Amino acid sequence: MSDSRFVLEQYDSTKTYYQQKKFDCGHGVINKFVRSSLKKQVSQQFSKAYVLLDCDDNERFCAFYTLTSFKLLASDMEKLSGGSLPKDIPCVRLVMLGVDNSLQGQGIGRKMMSDALHRVHGASKVIGIYGLYLDADPGATDFYLSLGFTRLDDGSQDDIAKMFLSIETINGILG
């Protein structure tokens with residue numbers, strides 16, 4: 001995979017992206033979101049999205065992720081808490097991440113997550129953020145664990161996993 005082949009940019013809801021309506025990452029909920037809800041979510045300021053475009057294929061929409069503000073309850077963080085926490089814990093939530101089927105297994109998901117971690121890290125320098133939260137699909141749980149996330153719930157491997165990565169850990173990852 002050549003880095004010059006791809007460009008990662010903030011999603012612009014006023015722009016038409018080549019093949020966005022045909023995006024297929026193999027996950028029905030994510031595909032439907034990209035095709036019918038992403039533009040509206042971003043234009044209404046509910047989230048920010050970042051899209052990876054394939055410059056070798058007419059700037060084709062080939063991967064994306066979305067971030068939004070979020071709060072966890074202190075009770076959600078019992079597994080990680082080393083002491084008392086405020087009732088509401090400010091964090092960023094990774095709502096969606098998808099990589100087109102044709103590009104899976106090439107490290108693009110990790111590249112997208114690296115970009116997300118840099119953005120969360122930057123935001124933490126100007127506002128209070130305790131970390132990054134996400135709900136991982138059962139098939140993606142191991143991927144997020146490999147990035148340093150901790151599972152907050154005690155669900156089975158077949159359940160959506162509540163996962164968290166602290167700003168302290170993100171700072172360590174980014175150096």
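**View 1. Strands β5 and β7 run side by side in the antiparallel sense.** In this predicted model, β5 and strand β7 (residues 161–166) pair over six bridges, where two strands are said to pair if DSSP finds at least two bridges between them. Helices (H or I, at least four residues) and strands (E, at least two) are DSSP runs, numbered from the N terminus. Within this pairing, Tyr133 stands opposite Phe164 in β7. Residues are numbered from 1 along each chain as its sequence is written. Because the model is predicted, local features need pLDDT of at least 70 and side-chain atom pairs count only at pLDDT 80 or more, while totals for chains, interfaces and linings use all residues, and side-chain values use heavy atoms, with hydrogens and water left out.

**View 2. Strand β5 also pairs with β4, here in the parallel sense.** Strand β4 (residues 88–99) and β5 are joined over three bridges, and the bridge partner of Val92 in β5 is Leu132. Together with helix α3 (residues 108–124), β4 and β5 make a right-handed β-α-β unit; right-handed means that, with the strands pointing away from the viewer, the path from the first strand over the helix to the second runs clockwise.

**View 3. Strand β5 is largely enclosed by the rest of the structure.** Five of the six residues of this strand (residues 131–136) are buried, so the strand is largely enclosed, where buried means under 20% relative accessible area, exposed over 50%, and partly exposed in between (1.4 Å probe, protein chains only). Gly131 is found in β5 and is buried, with a relative accessible area of 0%. Not counting residues up to four places away in sequence, Gly131 touches Pro90, Cys91, Val92, Phe164, Leu165, Ser166 and Ile167, a contact being heavy atoms within 4.5 Å. By comparison, the C-alpha atoms of Gly131 and Gln157, 26 residues apart along the chain, are separated by 23 Å.

View 4. The structure holds eleven aromatic pairs, in which rings of Phe, Tyr and Trp (its six-membered ring) have centres within 6.5 Å, and planes under 30 degrees apart count as stacked, over 60 as edge-to-face and the rest as tilted. Tyr17 and Phe61 form an edge-to-face pair, with 6.1 Å centre to centre and 75 degrees between the planes. Tyr17 counts as buried at 6% relative accessibility, and Phe61 counts as buried at 1%. Tyr130 and Phe164 form a stacked pair, with 5.9 Å centre to centre and 25 degrees between the planes. This pair joins Tyr130, in the loop between α3 and β5, to Phe164 in strand β7, 34 residues apart. Tyr130 is partly exposed, with a relative accessible area of 35%, whereas Phe164 is buried, with a relative accessible area of 1%. Elsewhere, ring pairs link Tyr11, Tyr17, Phe23, Phe33, Phe61 and Phe64 into a cluster.

**View 5. The whole protein has five helices and seven strands.** Read along the sequence, the elements follow the pattern β-α-α-β-β-β-α-β-α-β-β-α. The C-alpha atoms fill a box of roughly 50 × 35 × 30 Å, taken along the principal axes. Buried residues make up 39% of the 175 residues.
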